[in-house]
Structure formats: C-alpha cells, structure tokens
Amino acid sequence: MTQLPLRAQLASALGRTAATLSRATGRGDGSVIGGRVGLALEPDLLRKLARDRRLALVSATNGKTTTTRLITSALQELGDVATNAFGANMPAGHVSALSSAKDAPYGVLEVDEKYLPEVIETTGAGVVVLMNLSRDQMDRAAEIWLLAQKWRRALVARNTHVIANADDPLVAWGASTAARVTWVSVGQPWKEDSWCCPECGGPLDRGGMDYVPPGGHAPGVAVRQADGGVPAAPGSPAGPGGLAENDWACRECSFRRPAPSWFLDGDTVVDPRGQRWPLDIRLPGRANRANAVVALATAEAFGLPVQRALPRLAEVTSVAGRYTTVEREGRQARLLLAKNPAGWLEAFDVLDPALPVILSVNAQGPDGRDTSWLWDVDYRVLRGRPVYVTGERRLDLALRLDVAEVPFQLTESFGHALAVQPPGKVDVIANYTAFQQIRSEFGRAV
Ligand SMILES: [Zn+2]
C-alpha cells in the first residue's frame, strides 16, 4: 500500500488515540469518537484510508451487521480485513475501522442506508451489497422510496459491482442503475412495504403468496381476520398470473424481478453454475441463511470460491451479542434483536417453539419514540407458548398482544421475567436499547 500523506497519518493516529482513551474511560468501544477526531483534523481522511483497498459496502434495513460479519469472515481467507464490527455504520465509524487496520488490503463496511450514497462516492468501493429495504421505526414508505432513488443516483455511471436481492422490489429498483449487478434470490418475508411498483406506482403482482399480510395497519384488523384466510392486499390478489415463489412483476409497466444467479433454497444455496451447497452455518434462522447466500455471492465477487468461503461462514456464532446466551440462576436466555417490523418477523422464525419467550420493548431515541409500529407486527404466531412482556413500553406491547389475543404475563423488569421462569432455556426478543440494557446488566455472552 502507498503511504498516507502526513496529515492523514497524523489524523488517523490521533483518532486511534482518542478511541483508546474513550475505551479506557469506559465510554464504549470508541470507534465513533476516534473517527470524529480523525475527520475533524482531515476531512478527506475516509477517502485517503479507502484508497488502495478492495472494499465492500453492506447496506440494508435488516441484517447488515450480520452480513458484514459473514463477508468479513469469508474474506479473511484471502488476507487481513478492516471492518466496523461494532455497527458504527456512519463515516466516523468507517474512518475508525480503516484506520485501526491500516495495512489490511480488504475492507468490509456496514453502511447506514442513508449514508450509502456519500460513502460510495467517498470510498469508491468496488463492491456494494444491497439486501432489503423496509420501514424502520421512524421511516414511512415514501422515505424508503426516496432512499432507493438516492441509491440509484449514486450507482449510475460508476464501475461498481453490486450484489443485490432480486426478491425485494425496492432493492432491485435501487440497484438497477449499476453497470454490473449479481442478483441473488433470498426471499422477502416482509412484503408490507412493497405492494407498489417503485418505477411507476402501479400494483405489483407477487408470486408464492404464502405470507399473510396483516390487512392494513389499523389496530385490530389482523385479529378480526385471524381465521378468515388471506386478506387481499391492495393490488395483489392471491396467486396472480402464475408467478413462482419470490417472483414479482408490475402490472402496469415493464419493471419486474431481474433473473437471479444465486438462490436460497431451504437449507441449501444454489450457485450460478447450478451447484447446490448445504448451508452449514451456526447462526440460526431463515434470515441468516439469506445473509449467508449474500455473503457467498460477495465472496465470489472478490474471487473467493464457495468451497473456501463456506467453512469461514460456519465460524461465525454470534454477532455483536445477537444469538448469545446470558445466564442467571440456572436460566439461560438467548438474546434476539428486533429493531423494526421486518426484524420481528425474522426473530419469530428463530424462536424455539418449545420455549417460553420474553419480549422487551423500549422507546428511547434509537428505538424510535413512537411505538405505533407495534401494530404492524403480526404477533399471532406467539399464541400457544408462554409469553412474558417487559421493557419501558411494556404496556404498549401488552395492549397490542391483548388485541391480537395472545395470552401473556406482564413483568416489571427483564430480571423479574427471567426469575419467574423454571430453570432452563428461554428465548428473548428485544428492541435496540432494551437489548443493550439486558446485555449490560446480565453480562456478556456465556
Ligand atoms: Zn410499474
């Protein structure tokens, strides 16, 4: 690698010192403060640190931290990899990640969806990975459409290789201005944000309508239709036009799903040559198998074949505390993070049906202060197992579960919820700050 200019070297070194001080004084892992110090001294630091490396940027509403981790693990087969492992996914975090691995020839950076255009421009990354776009706690449909439009503008006329989920119409639209796209098919369980064509606003026909939309967002609607079959979503009658599962097409313009070259098929991945590989990974659930397929396609874009990448994916057992277990007095609680409606759907898929579940919901800044998103989640899947509700906004969740006719027990804290369990295993789904509180109070992974 070429040497950084003196000013950038200095900025980078001072940033690292600030990060060390921040860690030493117990203020988190220091990656954001370190990056901010570096950027204050040298505004062009990220561009300079990115130069001469092979970079992948990973963006999505859900799964970007895990997929970043999986791709990093795979690329370590090729050499050292710089990465923002702690989810500091804005430019200050990127500066910190690249600066703390100065000589790594590879970089895998998780990027906040809103910052992606800026980070593509600044780093000139050769590979961009786009997985899904859905409402976060505070976003609404129009905002994520605007985001996808910004992705389109950022990718046009660049020599970027995009790896994108063809099954998510908004992602497909956002990626389709890129000169080169490897399309993967990893499904889109959460379809609530994509009933309309992003190109023309017309209705989208969807194949394989195995998902039951909760029937709009009005409180109670989902429950009244609990046994009434599939409520018709706007413009999407069940089983339209003979579309296969995961396929979609606009009814009014030519926009339709691009042909994917990688597929997730149950527990196997099918590569572009049609070869099937069992997805032997340690992270649980459908969403993580999807993340693994994306990671394998990305690894191949770096020249790493499946047979070398796959064993590396199996080495990842937890990601920033997700899927780890905390223990107290004989109760082992497995922690699942769900930050938005699509994330809850993925967490439900990972739950062990034989175990009780503790749900914890807060509404602090990073969670979104408004808990109306709870009404977008179909909680009926939790019927038939013991459910415990806690967190600062437990009453909001309790009302939602009551309307969905899910029996539950209200508890004043996570500690209480855990204490009333019989000894043994329990699953926990928590949103962002609730998750962090549990981790800090109950310690790191067992
Ligand atoms: Zn259309």
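Colleague: Let's start with Leu 14: is this residue buried, exposed or partly exposed?

Modeller: Leu 14 is partly exposed, because its relative accessible area is 38%; buried means under 20%, exposed over 50%, and partly exposed is in between, using a 1.4 Å probe and protein chains only. Keep in mind that this is a predicted model, where local features need pLDDT of at least 70, side-chain atom pairs count only at pLDDT 80 or more, and totals for chains, interfaces and linings use all residues. Residues are numbered from 1 along each chain as its sequence is written, and side-chain values use heavy atoms, leaving out hydrogens and water.

Colleague: Which helix is Leu 14 in, and what does Leu 14 touch?

Modeller: Leu 14 belongs to helix H1, residues 6-24 (helices are DSSP runs of H or I with at least four residues, strands are runs of E with at least two, both numbered from the N terminus). Leaving aside residues up to four places away in sequence, Leu 14 touches Val 37 and Leu 41, a contact being heavy atoms within 4.5 Å. Leu 14 and Gly 34 are 20 residues apart in sequence, with 7.6 Å between their C-alpha atoms.

Colleague: How do I read a pair of packed helices, and at what angle do H4 and H11 cross?

Modeller: Two packed helices are described by the angle between their axes and the distance between the axes. For H4 (residues 64-75) and H11 (residues 306-313), the axes come within 8 Å and cross at roughly 125°. Axes here are lines fitted to C-alpha atoms, for helices over the stretch in contact, with angles from 0 to 180 degrees between N-to-C directions. That makes H4 oblique to H11; under 35 degrees is roughly parallel, over 145 roughly antiparallel, 65 to 115 roughly perpendicular, and the rest oblique.

Colleague: Which residues make the contact?

Modeller: On H4, Leu 70, Ser 73 and Ala 74; on H11, Ala 309, Arg 312 and Leu 313.

Colleague: And helix H12: how many of its residues are buried?

Modeller: H12 (residues 341-350) is mostly covered, with 7 of its 10 residues buried. Trp 344 and Phe 348 are among them. The buried residues of H12 pack against strands S13 (331-337), S14 (357-360) and S17 (424-430).

Colleague: What about the protein chain overall: how many helices and strands, and how much is buried?

Modeller: The chain has 15 helices and 17 strands, and buried residues make up 56% of its 446 residues. Take contacts between residues at least 6 apart in sequence: 68% of those join residues at least 24 apart.
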